Amino acid sequence: MQKKIIVLALAAAFSAPVFAADTTVYGVVDATIANIAASGTKSDMSVHSGGLAGSRLGVKSSEDLGDGLKASIVLEYSLDTVTGAALSTARQTYVSVDGGFGKVAVGYLQTTGYDFSRFDPTAGSLITPLGNITGKTGFLIGNSASLKRLPRAIGYTTPDMGGFTVAANYSTAAETTTDLGVADASTEAKATAYMVSANYVAGSLAAAVVYANKTDNVAAAATTGAAKITETALGASFDLGMAKLFATYQINKDDSIASGDSDKVMSVSASAPFGASSVVLSYAKGTMTAQGTDKDVSGYTVAYLNSLSKTTTFYAAYSAMSQGSATRTYSVASNVIGGDADLALGTGSSMVAVGLNKKF
């Protein structure tokens, strides 16, 4: 109840005329019923939040400052629609300035690596095979990957230059520590991360390349064994009218791997609309060379979406994951059972889900 009062107070405050700003309260409420099964474990039916898209509540406000400048804020928080743990985690909280020079944002940012997920039509859902892979073993780029958001971050996006834009993000302390108070002669104490992307949109075609770099501090490197991880991602989509096609390719390099091997993941997807409905197909495969022998993984999803209104979508989906004989790391539903000792090595998991997604 107290949280509800806080949200309403914030909304009322930002809507007050004294701010002379354009303010919007928005959100997504999404809940799904899923039956999940895997080799070596009992199958079970459960209810989850965010089957098609993460549930959230946000406030955004902007104000024209004159001379072509605009100041904006975004305060957006995750909602768990099935346990009551509302406003549990920030998704993005920042202040920004836009002008002829582009956009500069400072705060807790959704990165250009998060934006790369536009090339996965199932991104941000429980039914994404690509997210099940990139969210589990050190990948940096994507909606489920470790650098989808950055704390203590600075972001810059260029103006649109004939369909071409460049975006960059830098975290001054990705592991929520800094060098403040550390002796001048000491080894670097903080972890940093940055990424840069080049994006192009022309008619039916969209494409992007993203590079990311995460350098751990001394303490983190001693625990994880990883001093630096780098990743490059390529993505593209093309709208044929009768269907929209998507493809991604990512290569992840951990410099603590003595062999110099890297992990790679690719995906291909399609979305075909018909009337108020659409069918989505998605396939992803990870070649996990750096993880060791027989640790590859693949998965696919078939989903049906029906727009009951402009803001309400019913969906039903089948999703499955399979993995190499030497791993139990991956499973469906954001790896809800991935890595569990009861999950048999080299086997698979599947999920049947139905749900409702409501935007406001």
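Trainee: Is Arg152 buried or exposed, or something in between?
Mentor: Arg152 is partly exposed, because its relative accessible area of 44% falls between the two limits, buried being under 20% and exposed over 50%, with a 1.4 Å probe and protein chains only. Keep in mind that this is a predicted model, in which local features need pLDDT of at least 70 and side-chain atom pairs count only at pLDDT 80 or more, while totals for chains, interfaces and linings use all residues. Residues are numbered from 1 along each chain as its sequence is written, and side-chain values use heavy atoms, with hydrogens and water left out.

Trainee: Where does Arg152 lie, and what is its phi?
Mentor: Arg152 belongs to strand β7, strands being DSSP runs of E with at least two residues and helices runs of H or I with at least four, numbered from the N terminus. Its phi is positive, about 45 degrees, although Arg152 is not a glycine. Most residues other than glycine have a negative phi.

Trainee: And what about the phi of Ser334?
Mentor: Ser334 is not a glycine either, and yet it has a positive phi of about 55 degrees. This serine lies in helix α5, which covers residues 332-335, and with a relative accessible area of 46% it is partly exposed.

Trainee: Switching to rings: how many aromatic pairs does the structure hold?
Mentor: There are 3 aromatic pairs, a pair being two rings of Phe, Tyr or Trp (its six-membered ring) with centres within 6.5 Å, called stacked if the planes are under 30 degrees apart, edge-to-face if over 60, and tilted otherwise. One of them joins Tyr194 and Tyr211, and it is tilted because the planes stand at 50 degrees, with the ring centres 6.3 Å apart.

Trainee: Which strands do Tyr194 and Tyr211 sit in?
Mentor: Tyr194 is in β9 (residues 192-202) and Tyr211 is in β10 (residues 205-215), so the pair links distant parts of the chain, 17 residues apart. Tyr194 is partly exposed at 34% relative accessible area, and Tyr211 also counts as partly exposed, at 30%.

Trainee: What about Tyr300 and Tyr318?
Mentor: Those two also form a tilted aromatic pair, 6.1 Å from centre to centre and with 45 degrees between the planes. Tyr300 lies in strand β15 (residues 297-307) and Tyr318 in strand β16 (residues 312-323), so the pair ties together parts that are 18 residues apart in sequence. Tyr300 is partly exposed at 39%, and Tyr318 is partly exposed at 33%.

Trainee: Which charged end sits over the ring of Tyr26?
Mentor: That is Lys60, whose charged end is 5.2 Å from the ring centre; the rule is that NZ of Lys or CZ of Arg lies within 6 Å of the ring centre and within 35 degrees of the ring normal.

Trainee: New topic: how much space lies in the second largest pocket?
Mentor: The second largest pocket has about 350 Å³ of space. On a 1 Å grid over the protein atoms alone, a pocket is an open set of points where a 1.4 Å probe fits, with protein on both sides within 12 Å along at least five of seven lines, and lining residues have an atom within 4 Å of a point.

Trainee: Which residues are closest to its centre, and which element gives the most to the lining?
Mentor: Of the 19 residues lining the second largest pocket, Lys103, Gln110, Asp115, Thr157 and Asn169 are the closest to its centre. β6 gives the most to that lining, with 5 residues, and the elements that each supply at least two residues include α2 (112-115) and β8 (164-171).

Note on methods:
Grid points are joined across faces, edges and corners, and a volume is the space filled by probe spheres set on the points.
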